[in-house]
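Please open the model in a viewer and keep the selection panel at hand.

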Amino acid sequence: MTERVGIVGIPPRSVITDLHRRRVLIFDLDEPQVRASLDLTASHLPRVYCAVLRTVVLNAMHLHLDCIYIDVGPGKCDCALHVSTILKNMLDIPIHCTRNQDMEGAGIPLCRTRMPLLAKMTGITAGVLEPEPEKGPAACRPTAGFWGVPPRDFSLLTLFPDTTHVYGWTRCMENKTPADLELESYVNPNVPTVFFAQSFCAKTALAKFLADQHPQGLYLDCDVTAGSSARAKIEAFFELSHSLFSEK
Amino acid sequence: MLLADFGTSYCKLLDTETDRAPEVIATRDLEVGFMADLATGHNAARRSKQSINELTALARGGEKIIGGKDFVLLDCGSRDIKFVRYAEGRVVDMGWNAECGASMGFTIELLAKYYDLDYGEIAVPDTGFSITCGVLGMSNIFDAVISGLSETEAVAKFVRGIARNAYRFAGSPERLYLSGGLCDNPLFVGSFPCNVISLGRFVLLAGLQASR
Ligand code: SF4
């Protein structure tokens, strides 16, 4: 029977290459994979915790996996390190902790191309399961920026223009260098940028800091779903910044 | 053209084809089939031919009324608070808080009716409650009254706490432009620790006018 393996974060390329060689079925546990309430994780994790990692635990409870690779080093976060302890206690399968320090860039074509942001993000997260990058589409001139991690609720991405360039950890994801803090901190000061972080994530500090430094940055954090006020902020931010930009 | 700012408690209406001043009516008194040409606020998409979001309306209203290049404009509504900050003519920050600013204006109005108070006659207290939301702040009032404070003093501390919270939410500016029905509440306006310029409750309507 085909082995079922869950991954959390971005395990090193050598691990992904090995999983491909073994022809296993890979599940990205950071993304919603099952239709079940996040509240089911309450017996394992505090309710006030990163929604991505609550999703990891929810997936792990339901997917009948044979093993999990969870990245817990500088390419992910301490929250994931502690979740690895919980997973070890919760499941009777091997939980392999990795510390991805890969620094060989795979390129960032999707981050810079013209495409609906939702499709772009889906392509980037799907790319995590592949050891080698595909040759990507051409770059476009950016008119907006999205900085941050892939949100738990992808629906907020529909509010961005197709010419949005992607920055932050998502850019590191596509580049397959998740621990590259310099790349993560890179921004384009010439485009209005939304600095997004999941609520209760340590990256909220970096997002807020960079948004404050940026000439046109909007800090935004969301938990499980993007509510109407978060959506309205994004909408108004682009509406107002574009009209002002074009007047300049 | 009929413009409407649909608030949770009150709706502000303006017919641009007449010389009449804007009209304020209680939301519950609005006709069921009422339709505006251009609107913002609660259910605006359903009740108008065209709608824009409240932050956009607030920002455009601020641009039109204030005119300057650097300002912070805070709108305190019944149910939520929102602000925009401009620097050198560009919007550089904004916020909309429907959770922690929840029911602020609504609670302040409710308390005046319940305790039969006139906010024009209550002095700003030296200290206030540390509160972030109208609903949660109510228990501070009850606790204070039980421990011997008068109802008026307790409500004054509540209002001061709410104003200080809104001030911090807007980034603690030296000068604050205030929008919304609470502009008419001297206790609330006087509780801000900065220079406050009240613009009244029609800023979003001005934003709609500027968006036509
Ligand atoms: S969003 Fe932040 S806390 Fe959550 S998994 Fe990613 S890095 Fe960790």
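Is B:Lys113 buried or exposed? With a relative accessible area of 62%, B:Lys113 is exposed. Please bear in mind throughout that this is a predicted model.

**Stop 1: a salt bridge within a helix**

Select B:Lys113 together with B:Glu109; the two form a salt bridge in which the closest N and O atoms are 3.1 Å apart. Both belong to helix H2 (residues 104–115) of chain B, and because they are four residues apart there, about one helical turn separates them. B:Glu109 has a relative accessible area of 28% and is partly exposed.

**Stop 2: a network in chain A**

Next, select A:Glu3, A:Asp18, A:Arg21 and A:Arg22, which salt bridges with shared partners join into one network. Within this group, display the side chains of A:Glu3 and A:Arg22, which meet in a salt bridge at 3.0 Å, N to O. This pair links distant parts of the chain, 19 residues apart: A:Glu3 is in the segment before strand E1 (4–8) of chain A, and A:Arg22 is in the loop between helix H1 (13–21) and strand E2 (25–28) of that chain. A:Glu3 counts as partly exposed, at 28% relative accessibility, and A:Arg22 likewise counts as partly exposed, at 31%.

**Stop 3: a buried pair in chain B**

Move to B:Lys82 and B:Asp75, whose side chains meet in a salt bridge of 3.3 Å, N to O. The cut-off for buried is under 20% relative accessible area. B:Lys82, at 2%, therefore counts as buried, and so does B:Asp75, at 7%. Over all chains, the salt bridges number 15.

**Stop 4: the nonpolar cores**

Select A:Leu19, A:Phe146, A:Leu156, A:Phe160, B:Leu73, B:Val84 and B:Met94, the residues with the most contacts inside the largest nonpolar core, which has 63 residues. Helix H9 (residues 228–247) of chain A gives the most to this core, seven residues. The core lies between domain 1 (4–98) and domain 2 (109–240) of chain A, because both give residues to it. Another core, of 37 residues, lies apart from it; B:Cys76, B:Ile108, B:Leu178 and B:Val196 are among its members.

**Stop 5: the largest pocket**

Where is the centre of the largest pocket to be found? Select B:Gly7, B:Thr8, B:Lys12, B:Gly77 and B:Ser78, which lie nearest to it among the 49 lining residues. The space in this pocket is about 970 Å³. H9 of chain A supplies the largest share of the lining, five residues. By class, the lining has 16 nonpolar, 19 polar and 14 charged residues.

**Stop 6: the second largest pocket**

The second largest pocket has a volume of about 760 Å³. Of its 32 lining residues, select A:Lys233, B:Gly95, B:Trp96, B:Asn97 and B:Phe169, the closest to its centre. Strand E8 (90–97) of chain B is one of the elements that supply at least two residues of this lining, and it gives the most, with six.

**Stop 7: the cavity**

The lining residues divide into six nonpolar, one polar and four charged. Domain 1 (4–98) and domain 2 (109–240) of chain A each contribute at least three residues to this lining.

Definitions and conventions
Residues are numbered from 1 along each chain as its sequence is written. Chains are lettered from A and ligands numbered from 1 in the order in which they are written. This is a predicted model: local features need pLDDT of at least 70, side-chain atom pairs count only at pLDDT 80 or more; totals for chains, interfaces and linings use all residues. Side-chain values use heavy atoms; hydrogens and water are left out. Ala, Val, Leu, Ile, Met, Phe, Trp, Tyr, Cys and Pro count as nonpolar, Asp, Glu, Lys and Arg as charged, and the others, Gly among them, as polar. Domain bounds come from an automatic or database domain assignment. A nonpolar core is a set of buried Ala, Val, Leu, Ile, Met, Phe, Trp, Tyr and Cys residues joined through side-chain atoms within 4.5 Å. Buried means under 20% relative accessible area, exposed over 50%, partly exposed in between (1.4 Å probe, protein chains only). A salt bridge is a side-chain nitrogen of Lys or Arg within 4 Å of a carboxyl oxygen of Asp or Glu. On a 1 Å grid over the protein atoms alone, a cavity is a set of points where a 1.4 Å probe fits but cannot get out, and a pocket is an open set with protein on both sides within 12 Å along at least five of seven lines; lining residues have an atom within 4 Å of a point. Grid points are joined across faces, edges and corners, and a volume is the space filled by probe spheres set on the points.
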